[in-house]
Every structure is written in C-alpha cells, then in structure tokens.
Number of protein chains: 2
Amino acid sequence: MTGTLKRLLTFSAIAGMGLAFVGSAFAAETLDQVMKRRGLTEKDVLAAAKTYTPTGGRDEFIVFSSGGQSGQVLVYGIPSMRILKYIAVFTPEPWQGYGFDDESKAVLAQGRIDGKDINYGDTHHPAISETNGELDGEWLFINDKANPRIAVIDLKDFETKQIVVNPIMKSEHGGAFVTPNTDYVIEATQYAGPFTNDYVPLSEFNEKYRGAVTYWKFDREKGRIDAAKSFSVELPPYSQDLSDAGKLDSDGWSFTNSFCTERYVGGIESGRPPFEAGCSQKDTDFLHVINWKKAAELVAAGKAQRINDHDVLSIETAVAEGILYLIPEPKSPHGVDVSPDGKYIIVAGKLDTHASVYEFSKIKALIDAKDFADKDPYGIPILDLKKSLHTQVQVGLGPLHNQYDSKPCVVYTSIYVDSQVTKWDYCEGKVLDKISVHYNIGHLMSMEGESTKPKGHYLVSLNKLSIDRFNPVGPLHPQNHQLIDISNDKMELLYDMPLPLGEPHYATAIAADKLQPKVRYQTGWDSRTDQKSEFRTLPGRERIERTGDGTVHVYGTLIRSHITPEIIDVEEGETVSLHFTNVERAQDETHGFALRAHNVNLSVEPGKTVSATFKAEKAGVYPYYCTEFCSALHLEMQGYLLIRPKGVAAEGAALKEGQVYAEEDYTKQVKTNTDTQAVIDSVVEYITQRNFKDFPTVVALVEDATDQLNFAADAKKKMEDFAGAKDWQNATLWAQQWFQYQVKAADIGLRAKTYLDQNGAKVVGK
Amino acid sequence: MTGTLKRLLTFSAIAGMGLAFVGSAFAAETLDQVMKRRGLTEKDVLAAAKTYTPTGGRDEFIVFSSGGQSGQVLVYGIPSMRILKYIAVFTPEPWQGYGFDDESKAVLAQGRIDGKDINYGDTHHPAISETNGELDGEWLFINDKANPRIAVIDLKDFETKQIVVNPIMKSEHGGAFVTPNTDYVIEATQYAGPFTNDYVPLSEFNEKYRGAVTYWKFDREKGRIDAAKSFSVELPPYSQDLSDAGKLDSDGWSFTNSFCTERYVGGIESGRPPFEAGCSQKDTDFLHVINWKKAAELVAAGKAQRINDHDVLSIETAVAEGILYLIPEPKSPHGVDVSPDGKYIIVAGKLDTHASVYEFSKIKALIDAKDFADKDPYGIPILDLKKSLHTQVQVGLGPLHNQYDSKPCVVYTSIYVDSQVTKWDYCEGKVLDKISVHYNIGHLMSMEGESTKPKGHYLVSLNKLSIDRFNPVGPLHPQNHQLIDISNDKMELLYDMPLPLGEPHYATAIAADKLQPKVRYQTGWDSRTDQKSEFRTLPGRERIERTGDGTVHVYGTLIRSHITPEIIDVEEGETVSLHFTNVERAQDETHGFALRAHNVNLSVEPGKTVSATFKAEKAGVYPYYCTEFCSALHLEMQGYLLIRPKGVAAEGAALKEGQVYAEEDYTKQVKTNTDTQAVIDSVVEYITQRNFKDFPTVVALVEDATDQLNFAADAKKKMEDFAGAKDWQNATLWAQQWFQYQVKAADIGLRAKTYLDQNGAKVVGK
C-alpha cells in the first residue's frame with residue numbers, strides 16, 4: 001500500500017493511476033505539488049481525506065439544522081459538510097412551491113396569527129422523533145421563536161406537514177424537544193407575556209406576565225400534533241430558556257432553565273439601565289423541574305384551567321400537586337442537557353465559567369423528602385443547589401451548551417467568550433481537552449448526542465461569527481459550522497463550512513442509514529395531507545370543467561416533455577383552479593409549472609398532485625412552462641393561458657400552421673425514427689446481456705425506458721392512422737412525437753449503460 | 001518532503017505531526033487507514049487535496065449561480081465548492097430582511113406586474129459587468145424567465161438594488177448578457193406573445209405574437225438600469241433563446257438563437273400533437289444577428305415606435321436599415337457563445353450531434369455584400385449556413401452550451417443526452433477529450449469563460465439530475481454541480497456539489513481577487529438607494545416622534561447588547577414606522593430585529609439603517625428581540641411593543657422592581673468589575689507587546705474593543721453618579737452594565753489574542 005501511495009506522491013498522478021496519457025503537453029500534478037501550490041500541511045491532507053466524499057459517495061450522518069430567521073431547516077451531510085436541502089417551513093419558498101400551491105398554502109395558513117399570514121419564522125431547535133430515547137428518523141420538529149409556533153416535518157419526503165400556534169405564549173425559545181417516545185413535543189417561553197391576547201401594562205409584569213412550558217401531544221399514527229390533547233404548565237415571568245426531557249432514570253420529568261429571574265424590565269430610552277444590565281445581576285437563575293407525566297394525568301383529571309381554549313395547569317395547582325420545582329443554576333444559563341443514561345443534567349451558565357452537573361437521584365430524593373431550601377415569590381419550592389449537584393467544573397468563559405459522546409462520562413461544552421470547545425469528564429469532574437474554534441461558538445452538536453445512544457465520531461461547532469474565515473461576500477457574513485473529529489483523545493478540526501442562508505441556532509444529527517425517505521409519491525398524492533388528492537388525474541383523463549360558482553377546474557398532467565393541457569382558455573373574472581399530477585415514475589423527474597404574472601410556481605415531484613387557484617383578473621396572454629430542466633425538449637414543455645375579455649367568445653377555430661409538411665417530410669422522419677430504433681435496440685441488447693437486475697438503479701431506469709417506448713408506440717399508432725388517411729401534416733408531427741419518445745428512451749438507456757459500465761456489471765449468458 | 005509525507009502515511013498522524021499525545025487511549029488514524037476506512041482511491045485523495053480548503057483559506061474563484069425558481073442568486077467558491085451566500089433577488093427572504101424592511105420592499109415593488117406583487121422569479125442567467133470585455137466584478141445582472149424582469153445586484157454589498165419589468169415581453173430567456181463595456185444588458189424573449197398587454201387569440205399567432213431582444217441601458221455611474229434609454233428590436237415569433245454580445249472583432253453585434261421557428265402551437269388536449277413534436281420538426285432554426293450599436297443610433301434618431309412607453313424598432317425598420325439578419329443553425333440550439341477574440345460564434349444544437357462554429361468575418365462579408373440566401377416570412381434576410389461557417393464538429397448527442405478555456409482554440413461543450421463534457425479545438429475542428437458527468441448536464445461554466453480573457457483551471461458541469469449521487473432527501477432532489485480540473489490535457493473530475501435550494505440554470509465565475517466587497521456601511525446608510533437614510537439616528541439621539549398623520553416614528557439604534565428603545569408604547573390604530581440603525585463598526589456584528597405577529601424581521605448590518613412600517617391593528621403585548629447571536633448577552637437584547645386599546649392612556653409610572661439591590665450588591669459588583677479590568681489590562685498588554693498593527697484584522701478588533709471600553713467608561717460614570725446619590729438600585733445596575741461592556745471588550749480582546757497566537761505575531765520591543 002505504501003508503495004502505491006509513494007507513487008501517487010512522487011510521480012505524475014495520472015501515470016501513477018495507470019492511465020495512458022504519457023507525453024501530455026500539460027502534466028498532471030502530484031500530491032506533493034498540489035500541497036505546495038495550495039499551501040496545505042500534512043494535517044490538512046489528513047483532514048481532507050477524512051471529509052472528501054467522491055462522486056456517488058454517501059455521508060455517514062445527516063444533520064438537520066435550524067435555518068434561523070430564514071424560517072427554514074437545512075439538511076447537510078457529515079463528514080462532507082455538503083448542504084443537501086433547505087426545507088421550507090415557515091417561509092414561502094418557490095423552488096419547492098411552498099406557499100405557492102394550494103396544498104402548502106393550507107399548511108402555512110395554520111400558522112396565521114390574529115388572522116394574518118406570518119411569512120417567516122425564527123427557527124431555533126430542531127428535534128428528531130425518538131423511540132425509547134433513540135432517534136428514529138421519522139419526524140422532525142422545529143420551533144419559531146418570534147411568533148411562538150411549532151412545525152412538523154415528515155422525514156419520508158422532507159416536507160412540512162403541520163404548523164401549530166402556541167395559544168398562550170408571546171415569545172418562546174425552549175423548543176422543540178421531544179420526550180423519549182415522542183409522546184410530547186416541548187416548547188418553553190422566552191420573554192414573558194400575558195397568557196391572554198389583550199393589552200397588559202408592564203407595571204403588572206410581576207403579577208400578570210407569565211412564562212410556561214407547553215407539552216404538545218404528538219399523534220404518531222396520524223403524524224400530526226393533536227392540539228386538543230396538548231397542555232401547558234404556567235411558570236413565573238423568568239425568561240425561560242432551553243429545555244430537555246428526562247430519559248431512562250429521569251423519564252417523565254422535563255427540565256427548563258431560565259435567565260432574568262430578576263424579572264427586570266428595561267427602558268434605556270427613559271434612563272433605566274437596559275435589560276442586559278438588569279437581567280444579569282443575580283449570581284443564579286432557576287432550573288425548572290417539572291413532572292410532565294403527572295402533569296398530563298392532572299390535566300386528564302380536569303385540574304387544568306382553560307385559557308384561549310387550551311389546558312393550563314396553574315402554578316398554584318402545580319405546586320399543590322408536587323409537579324413543579326426550582327433549583328438555582330449559575331448565571332444566565334443556556335444549555336440544559338440530560339445525560340444519555342438520564343442520571344445527570346448538565347447546565348452551562350453563560351455568564352459563569354462553570355458547568356454544573358445536577359444528579360437526578362439527588363433531586364428526586366430532595367423532592368420525595370420535601371427537603372426544600374426556600375420558596376420563590378410565586379410559592380414554588382426551591383431545592384438547594386449544593387444538595388442537587390454532582391459536581392461543578394470550570395470549563396471556560398461563557399459555557400453555553402453541552403453534547404454527549406459515545407464514550408462514557410464524556411461531554412463537550414461550547415465556550416462562547418473563549419471561542420473554544422471543552423471536552424470534559426462529568427463523572428470525575430475534570431477537563432480532558434480544549435480546542436479553539438472561529439469564532440464565538442453558540443450551540444454544538446455531536447452525533448445523536450441528545451439521545452440515549454450517542455454515536456461519537458464527530459462534533460460540529462456552530463459558530464456565530466465567521467469574520468475572516470471565508471472569501472468576503474459583503475457586510476452580511478455567512479456563519480461557520482466547524483467539523484471536529486472526536487474519535488481520539490485529542491479533538492481535531494476537520495472542516496470549515498459556511499452557512500449561506502440563515503443563522504442556524506441548533507442542529508441535530510442522525511446516522512444516515514436510519515433515514516429511509518421515498519423517491520416518489522403514489523400517483524395522485526397530496527403530500528401535505530398525505531392522502532390521495534381529490535384533484536388527481538391520469539394520462540388520457542385530463543379535462544377542463546366549469547363549476548356553477550364561476551370556477552374553471554383544470555385537471556392536468558405533466559410528463560416529459562409536455563403539459564396537458566397546452567392551451568387554457570378562460571374569461572376575465574373566472575376563478576381558475578389548476579390541478580397538475582406528475583405522472584412520471586422515474587426518480588428525480590420533477591416537473592415545475594410557472595405562469596406569468598400570477599404568482600403561480602409549482603414543484604411537482606413524481607406522483608404528486610398540486611393545485612393553484614387564482615382569479616383571472618386581467619385579459620391577456622400568459623405563457624406557462626415547466627421550470628425543471630427535465631429532458632432535452634424541456635424548453636418545449638410550454639403552454640398558454642388565455643384570458644379573454646368578458647363576453648369575447650372562445651376561439652374554436654383551427655390554428656394556422658406556421659410550417660406545412662408533405663409526404664416527403666413524413667417519409668424522412670420515419671427513416672430517422674427507424675435508424676434511431678436500431679440504436680435503441682443495440683443499447684437494450686447491451687443492457688439485457690448484462691446482469692442489470694442486480695442494480696436497482698438500472699432496474700428503475702429500464703422500467704422508465706419501457707414507459708417511454710410504450711408512449712412511443714402510441715404516437716407511432718397515431719402517425720400510422722394519419723398516414724393512412726394521407727394527412728401528412730399530422731402524420732409528420734406524430735412521427736416527430738414518436739421520435740421524441742425515442743430520444744427520451746435513448747437518454748435513459750445511455751444512463752443505464754453508463755451506470756453498468758461504471759459499476760462493474762458483468763455479461764451474463766445469452 | 002517525501003520523507004515527511006511518508007511519515008504522515010505510515011505512522012500515527014498525530015505523532016507524525018509532532019504533537020505530544022503518545023500513549024493515547026484512542027490512536028489517531030494514518031492516511032492509509034483513513035483511505036481504507038472510507039474507501040478512497042489515490043485519485044480521490046488527489047482530488048481532495050485539490051479542493052479541500054483549510055480554515056481561513058480562500059477560494060480562487062467566486063461563482064454567481066442562478067438559483068432557478070428559488071428566485072435567488074447563490075454564491076460559491078472554487079475549488080472548495082462551499083456555498084457562501086444566497087442573495088435574495090425576486091423572492092422575499094427574511095434572514096436578509098429582504099421583502100420585510102421598507103427599503104427592500106421598495107425594490108421588490110419595482111417588479112410588480114399589473115400592480116401585483118410577484119413573490120418569486122425563475123432566475124436563469126447571471127452576468128457580471130465587464131470593462132473592455134473582461135469581467136470587472138462590480139455589478140451582477142440576472143433575469144426572471146417567468147415574469148420577464150432583470151435585476152441589478154451590487155457586488156460591493158451583494159444586495160439587489162433594482163428590478164425592471166420588461167415592457168413588451170410575456171416570457172423571456174436569453175438574459176442577462178452584457179455588452180463588452182456593460183453599456184447594455186441583453187434580454188431576449190422565449191415564448192412569443194403580443195407586445196401589447198391585451199388578449200390576442202392564438203389564431204393570430206403568426207401575425208401578432210412576437211419575439212424581441214431588449215437592450216437595457218446600464219448607467220454605471222448610478223449603478224442602475226435607465227429604462228428611458230433602453231430599447232427593443234422586434235423579432236418574429238420564433239421562441240428566441242440564449243444570446244451573447246459580440247466582442248473585439250464582433251463588438252457592436254449581438255447573437256440570439258431560437259427554437260420552434262416552425263411557429264408551431266400545440267394543443268394536445270384537443271388532439272393536436274404537442275409543442276414538443278411541432279417545435280422540433282425542422283432540421284434548422286435561426287441564429288439572429290443584430291447590430292445593436294446601429295440599432296441604438298436608429299432609436300436615438302427617432303426611428304423607433306413607442307409601445308407601452310418603450311422604444312421598439314420594428315422588423316421592417318430593422319430590415320430596411322440593415323441591422324437584422326438570420327442564419328440557419330442546427331436543430332433547437334441552446335448555447336450561443338462568442339469566442340474570446342470575438343472571431344467565432346459557437347452554437348450547440350441540442351437535437352443535433354454537432355456544434356457549429358460560425359465565423360464573424362464571413363458573416364460580416366456576406367452582410368456587406370448583401371449576399372443573402374433567402375428571406376424569412378417576415379422579410380428578414382437569411383445568410384447561407386455553409387458560407388457563414390468555419391466548421392462543424394460532431395461533439396455528442398445533445399450539445400447544449402459552450403465555454404472557453406484560457407488555452408487558445410479550446411472550448412468545452414456540455415452534452416445533455418450523453419451526460420458528457422466534450423473538450424474540442426474549434427480552430428482545427430477536432431475533439432480532444434471527453435468526460436462523463438452525472439447526469440444530464442445543462443450549462444457548463446469555465447472561469448471567466450465568457451470574457452475576452454478566460455482563466456482556465458476549472459470547469460463546472462451544471463447537471464440537471466443527481467438521482468443517486470447523494471444521500472436521499474425525499475422526492476425533490478438537489479441538483480449537482482461537478483467540478484472538473486481542466487489544467488491538463490485530460491479532464492479530471494474533482495468534486496460533486498449538491499445544490500440544496502433551487503435549480504440553477506447558468507452560472508458565472510470570476511477571480512476572487514477582483515471582488516472587493518465592503519464589510520460595513522457608512523453609519524446611517526440606506527443600502528437599497530445607496531444614500532444616507534433620512535431615518536438614520538445616532539446613539540443618544542434615539543427618539544419616538546408622532547406625526548400629524550397618525551404615524552409613530554421610532555428612531556432607534558442597535559448595539560451589543562441592547563435595542564434603544566426597549567419599550568415602544570402605541571395606541572391601536574396608529575401606524576408604526578420603526579427605523580433602526582446598527583451603530584456597530586465591528587465586522588460581522590449584524591443585529592436582527594424580530595417582532596411577534598407583525599411580519600417584521602430585519603437584518604441590520606453594521607452602519608445600515610432599515611425601516612419597517614405597519615399598522616398597530618390589535619391591542620396586545622408584542623415582544624421584540626435581536627435575532628442574530630451577537631454577544632454573550634444576546635438573549636437579553638429584547639424589548640416590548642405595547643399596543644394600547646384606543647383611549648387607554650400610556651403608563652408613565654415607574655415599574656415595580658422584581659429584584660431590589662442594596663449597597664452590598666453594589667460593592668460586590670464593583671469588586672467583580674475591578675478584577676475583570678485586571679484581566680482586560682493583561683490582554684491589552686499581551687496584544688500591545690506584539691506587532692498587532694501588522695494584522696488588519698486585529699487592528700479592527702482593537703478599535704472595536706476600544707469602543708466597548710469607552711461605553712464601559714460611560715456606564716461607570718452613571719454608576720458613580722447614582723452611588724454618589726446612594727441610589728444603590730441604579731448604581732448596582734449601571735455597575736452591571738459597566739461589567740457587560742467589559743465582557744464584550746474581553747470577548748474581542750481574546751479573539752485578537754487568539755488571532756495573534758495563530759498567525760505568528762511577534763513580541764516587539766517594549
């Protein structure tokens with residue numbers, strides 16, 4: 001092996017790879033030369049080898065990252081750090097047709113506040129659904145801090161299926177976090193507000209402003225949050241922050257920290273010190289400890305109040321029933337993270353230098369013994385800090401968030417002010433290693449680090465500033481996610497990844513093989529309700545129907561390379577409701593649909609049915625077309641919406657041909673097609689002589705090519721009918737259409753052939 | 001060198017790098033081991049070394065890629081293939097505040113059609129401004145195919161500054177392309193339509209539907225398109241496609257190709273063969289050759305018609321004045337690309353296997369000699385194909401687009417159906433090399449390949465399908481941009497890059513050092529008009545003013561870590577107009593501003609002033625906060641908008657304190673601050689003892705830290721005043737505020753110290 005590598009390093013790389021381009025005018029570089037030219041160190045080359053993913057290679061882990069105020073979720077791979085998708089969640093996004101088709105508009109409409117569309121979200125904390133405390137890769141939840149909401153994303157198709165608006169909060173932060181079997185999705189307040197939706201002056205802050213934790217019931221069978229079975233626990237106006245659910249030993253409990261338990265209200269404009277001064281004065285804030293399982297029972301037993309048509313357990317009830325406790329925690333903490341075994345809860349106090357390790361058994365013992373140190377002004381029992389602690393460790397200036405390793409007792413804490421990650425042992429209470437990051441790390445993320453079975457290997461540092469790390473792109477900088485190798489004792493920086501859109505707050509990573517997304521929908525599928533669409537149609541059944549209410553329903557199909565119908569003719573004032581079904585079965589054969597001047601831009605993946613409804617307000621000519629480069633004849637996948645002025649009749653007359661064809665045109669085209677068929681036959685022979693059935697990708701391609709050849713046969717039949725009637729115009733055009741299906745079949749066949757060649761297919765017996 | 005590398009390959013990498021972690025429990029891998037574990041070949045490692053960019057490294061080229069139907073432009077680096085930014089253009093995007101602040105709403109409003117907001121675009125072809133035919137990196141232009149529009153993006157701040165709506169087109173495609181000194185931005189029709197905005201039946205397609213090329217006049221001094229000085233040339237309804245401007249020898253001319261010169265109108269729903277059949281029947285379409293310089297003179301001479309308040313040169317005038325010609329071109333071409341010396345025009349006919357090399361001198365000679373082969377049905381002279389050609393080369397099935405190398409006579413053509421790139425010599429007319437790509441390549445892009453001085457090195461294959469190239473993310477797949485090394489005779493695939501959002505059509509790359517974006521704005525800057533904002537304010541000058549029209553103007557500032565004002569108190573029914581200036585000077589210190597339930601989400605980069613105007617419709621409590629994680633006290637950067645019910649008076653009364661402070665609290669805080677100051681002093685000493693002035697990054701940090709320490713001094717002064725008056729409440733809080741500024745200064749100081757440590761700063765004489 002070393003011999004081969006030495007060759008790679010010292011001889012022409014191309015020669016070393018055995019390729020036959022000796023005597024080239026431009027000689028290829030060796031690794032040595034590349035390192036010299038690009039200023040790479042040996043360490044860099046090692047990091048490159050650990051992250052570079054060759055064509056067709058797969059990533060080991062998939063990350064779901066908040067897109068911050070872009071209102072989206074982004075998906076990227078580890079270790080390649082390549083972004084695979086932005087999933088539209090709270091913000092309309094035309095590539096996905098999100099907020100442009102009727103189906104996704106209905107999802108966004110669920111997120112309206114005071115009847116108003118809110119066209120963005122400030123996404124913070126994504127959470128993957130769990131089964132027995134392990135990530136299961138089925139669902140993803142994410143919150144909107146700005147307009148308290150939670151969204152549900154289906155990891156079968158990476159689409160947003162539901163948005164729920166928090167009924168009592170005016171601001172939130174500590175969501176989404178799930179309980180170990182995804183019974184509930186946790187959402188905690190940030191800035192206190194009145195539960196009611198009316199005006200309450202700030203002079204009543206202490207009395208009428210409140211925090212809360214909402215437990216959203218997730219109905220896994222339906223794949224939707226059940227708002228009617230969800231509830232909240234009222235909390236004091238303490239600026240609640242991140243949360244986490246207990247697991248194993250601590251299952252049934254949840255933990256929410258806080259800052260500004262000073263309950264300070266700023267007002268720098270009128271001479272008061274600002275929030276930042278008043279909210280950071282006390283040495284400790286409060287960790288909220290809630291028994292959510294018992295809370296759910298209390299709600300079921302009718303002990304909740306109804307506020308805004310939502311069940312809320314009051315502080316008074318929560319205290320009386322023994323489900324709510326506070327424990328001091330060092331100054332303005334951010335992360336609160338339950339250890340994989342559920343025994344410890346680590347809190348990072350961002351204005352302190354310590355991380356505090358609470359021990360659940362100690363907390364439970366204090367609660368059971370009613371051993372309380374104090375009560376807060378709202379009557380909530382306060383447990384003694386020291387008695388609740390396992391240990392405290394000095395980890396650096398500005399500890400922020402903690403993530404667990406697969407190695408026992410090992411945790412990583414982000415250190416904001418020092419711009420470092422500290423690796424430490426929370427059992428023994430000692431620091432193991434530190435690494436510098438660039439710059440000002442917020443959250444960090446280990447692989448499945450929030451579950452009962454962290455996977456180790458990698459850590460990502462979600463840095464808030466990138467400053468000089470990348471080529472400059474103007475005053476608004478990308479953020480920087482740095483990939484760190486944590487396989488060894490010493491952490492090693494592997495990769496800097498710019499974030500091109502949005503400011504991610506938190507991210508979660510799952511082993512790639514746990515995700516099993518589909519590549520197509522059942523034909524005629526409404527992906528937002530996950531049901532057959534009532535507006536689906538099949539090839540040959542396309543139609544335009546007018547209903548009594550002045551609506552023109554267009555039931556159309558999309559296939560390489562035409563839209564049916566190609567002409568849509570309506571009258572000014574009519575409502576137009578387009579319904580398109582993509583009738584392709586081939587993977588990645590998405591079609592788009594864009595229509596001028598009507599804000600209609602659809603993404604129609606194979607099998608999907610989508611709709612777009614609008615008023616035909618202005619007479620005129622509106623071209624439409626497929627926006628996805630789907631085939632060689634993609635540009636010809638077009639049509640016209642004609643909006644006639646009121647009272648002007650539709651034109652039934654035949655169109656004047658721009659070009660007239662005679663028998664010789666027909667004969668020539670048929671000759672071309674016959675020649676083309678010979679090429680196709682040779683490709684078919686090539687494929688079928690090989691063990692193509694061993695390659696699922698090729699089997700799918702062959703299936704698709706067969707579809708195209710069937711379509712070709714249909715067109716050929718039409719051609720023959722017209723030729724029989726000596727209608728050379730139509731005979732020629734259908735001959736051309738036959739040819740076009742041949743081209744599509746050839747395209748697929750060549751792709752299959754290339755795949756077989758590159759993947760070591762073998763000739764099989766005839 | 002080989003010795004070192006051998007060590008890297010065969011020993012523990014960590015040991016080899018001289019780090020002192022011998023006897024580690026988890027041994028680090030060697031390169032050999034990494035290759036084995038990850039299944040990497042030697043070729044892969046070489047590709048990794050050619051693309052991997054270590055932390056802080058810079059890319060050589062910057063790519064501006066269309067974001068397709070996402071309506072955005074994306075920016076990425078070569079060779080790292082990391083996406084640096086999505087620039088919002090036609091689609092509102094909250095992270096950038098685009099479409100959320102008043103200033104950018106005004107830009108989007110320029111793009112309204114029939115008075116309606118169009119909230120997406122189908123961006124296709126970006127073009128960087130040119131000087132003498134070379135890319136100058138000052139401006140970027142991009143088109144919207146769906147709703148014919150052109151946008152102007154400033155490469156000083158990567159922001160969209162202007163959108164113009166084409167006054168006569170109903171669909172377009174062949175834009176944006178610039179003339180060699182960016183006098184004009186070219187936009188050509190796609191699907192024909194009537195120039196007027198009324199209904200014209202398809203029976204009048206041949207007579208009343210038209211194509212056109214619009215020449216948008218760019219006023220470089222103002223950095224804006226001047227619509228009044230722009231004009232169009234009328235063309236037949238031939239589905240015009242891509243365009244290119246002549247250069248050097250062919251300067252003054254432009255070239256636009258076409259498909260569907262059959263002028264076929266489909267109607268598959270009524271039994272007619274579809275567009276795809278009728279639009280691909282003829283063996284040739286038409287290359288349009290236009291003398292735009294003379295056209296501009298004719299317009300200046302008053303020879304244009306006014307249509308929709310826009311100058312249009314009719315076909316008749318264009319023919320009579322000798323500025324418009326046609327040349328046959330092989331079947332349904334896409335790319336039309338003028339060679340760096342301006343002597344050749346290469347057209348790729350996507351339903352043909354040839355690329356055709358036209359020679360401008362031959363075209364010019366035929367025109368000068370009035371040597372025409374024919375006329376089209378609209379009277380336009382047709383030049384003979386063979387007489388215009390230099391050569392034709394069989395490049396593969398489905399040639400699509402061409403890009404030039406720095407090596408003379410070398411061009412690369414994308415081959416859609418074969419999924420290949422063909423490298424060939426257009427002088428000699430011979431194929432040099434082919435490489436397979438995955439899958440179905442559309443456009444391709446070489447470095448500055450459209451200019452008079454292509455830069456070679458790299459080529460990007462913009463593949464339309466990715467199918468099995470990446471981890472699956474549901475039915476909607478990312479696209480794949482493949483980076484190819486073209487330094488040598490043989491092309492080598494280096495990297496597969498997924499495109500996570502949008503379907504890019506075309507991209508353009510420029511040497512990174514030609515871009516000089518700024519890192520901050522002048523204080524109080526309106527970035528969309530590029531003028532001082534009338535709504536700017538300075539620290540200490542913040543104010544709330546009510547105007548006679550029921551508008552509450554809030555002139556506020558943003559700085560680490562507070563928003564001024566922190567309380568905004570208005571009455572139901574008032575219009576609220578927020579104006580925030582970010583008064584930071586530090587690079588990357590962007591602040592955001594999100595307000596619940598009002599669709600207000602602002603991005604305020606250092607120096608910028610932005611506004612958001614809305615009606616206070618519903619009484620209630622609306623928290624707001626900074627959305628960018630700007631500092632350790634970021635979460636405390638908050639405030640409340642209070643909307644009082646009509647007739648309810650504002651509350652002037654003092655707030656009740658949640659926490660009361662006494663002298664001992666004050667004394668304790670002052671002690672903390674004094675200790676902190678000692679730490680800061682030590683960091684200052686560390687920095688000033690080193691040659692920090694040799695590092696511009698550190699100089700900027702020191703400037704920023706000095707700002708923070710000045711703010712600290714202000715807070716300290718307030719503290720002392722209150723302490724003097726024995727007001728321990730305020731004295732304690734201002735002491736805390738002093739401390740907060742110390743923390744910010746320390747944060748910056750530590751960052752500077754780390755930078756010096758990592759960049760080899762030296763101790764200088766005391």
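Biologist: In this predicted model, how many of the 10 residues of helix 4 of chain A are buried?

Modeller: Eight of them are buried, so helix 4 of chain A is largely enclosed by the rest of the structure.

Biologist: Which residues of helix 4 of chain A are the buried ones?

Modeller: They are Asp44(A), Val45(A), Leu46(A), Ala47(A), Ala48(A), Ala49(A), Lys50(A) and Thr51(A).

Biologist: And at what angle does that helix pack against helix 4 of chain B?

Modeller: Helix 4 of chain A, residues 42-51, and helix 4 of chain B, also given as residues 42-51, pack at an angle of about 115°, and their axes are 9 Å apart. That makes helix 4 of chain A roughly perpendicular to helix 4 of chain B, and the crossing of these two helices is right-handed.

Biologist: Which residues make the contact?

Modeller: On the chain A helix the contact is made by Val45(A), Ala48(A) and Ala49(A), and on the chain B helix by Val45(B), Ala48(B) and Ala49(B). By class, this contact of helix 4 of chain A with helix 4 of chain B has six nonpolar residues, with no polar and no charged ones.

Biologist: Why would residues three or four places apart on a helix point the same way?

Modeller: An α-helix has 3.6 residues a turn, so residues with that spacing point the same way. In this model, Val45(A), Ala48(A) and Ala49(A) are the residues that helix 4 of chain A brings to the contact.

Biologist: Stepping back to the two chains, what rotation superposes chain A on chain B?

Modeller: A rotation of 180° does so, with 0.0 Å of shift along its axis and an RMSD of 0.0 Å. That is the relation of a two-fold axis. In chain A, the C-alpha nearest the axis belongs to Ala48(A), at 2.8 Å from it, and Ala48(A) is also one of the residues in the contact between the two copies of helix 4.

Biologist: How many residues of chain A are in contact with chain B?

Modeller: There are 208 residues of chain A in contact with 209 residues of chain B. The largest share of the chain A side comes from helix 14, residues 728-758, which supplies 12 residues. By class, the side of chain A that touches chain B has 102 nonpolar, 59 polar and 47 charged residues.

Biologist: What share of the interface residues of chain A are interface residues in chain B too?

Modeller: The share is 100%, so the copies meet through the same surface.

Biologist: You mentioned helix 14; at what angle does helix 12 of chain A pack against it?

Modeller: Helix 12 of chain A, which covers residues 663-688, packs with helix 14 of chain A at an angle of about 20°, their axes being 9 Å apart. That makes helix 12 of chain A roughly parallel to helix 14 of chain A, and the crossing of the two is left-handed. The residues of this contact between helix 12 and helix 14 of chain A divide into 18 nonpolar, nine polar and three charged.

Biologist: How many helices and strands does chain A have?

Modeller: Chain A has 14 helices and 44 strands, and its C-alpha atoms fill a box of roughly 100 × 80 × 50 Å along the principal axes. Of its 766 residues, 63% count as buried. Among contacts in chain A between residues at least 6 apart in sequence, 61% join residues at least 24 apart.

Biologist: Now the backbone: is the peptide bond from His438(A) to Tyr439(A) cis or trans?

Modeller: The peptide bond from His438(A) to Tyr439(A) is cis, with omega near -20°, and Tyr439(A) is found in the loop between strand 27 (430-436) and strand 28 (441-447) of chain A. In chain B, the bond from His438(B) to Tyr439(B) is cis as well, with omega near -20°.

Biologist: What about Ala597(A), is its phi positive or negative?

Modeller: Ala597(A) has a positive phi of about 65° although it is not a glycine. Ala597(A) lies in the loop between strand 40 (591-595) and strand 41 (600-604) of chain A, and this residue is buried, with 22 other C-beta atoms within 10 Å.

Biologist: And Ser239(B), buried or exposed?

Modeller: Ser239(B) counts as buried, because it has 27 C-beta neighbours inside 10 Å. Its phi is near 45°, a positive value in a residue other than glycine, and Ser239(B) sits in the loop between strand 11 (224-235) and strand 12 (240-245) of chain B.

Note on methods
Residues numbered from 1 in each chain as written. Chains lettered and ligands numbered in written order. Predicted model: local features only at pLDDT ≥ 70, side-chain atom pairs only at ≥ 80, totals over all residues. Least-squares fit on C-alpha atoms with pLDDT ≥ 70 in both. Contact = placed C-beta atoms within 7 Å. Helix = DSSP H or I, 4+ residues; strand = E, 2+ residues; numbered from the N terminus. Buried ≥ 20, exposed ≤ 12 C-beta atoms within 10 Å, placed from the backbone. Axes fitted to C-alpha atoms, helices over the stretch in contact; angles between N-to-C directions. Parallel < 35°, antiparallel > 145°, perpendicular 65-115°, else oblique. Left-handed = near helix turned anticlockwise from the far one by under 90°. Nonpolar A, V, L, I, M, F, W, Y, C, P; charged D, E, K, R; others polar.
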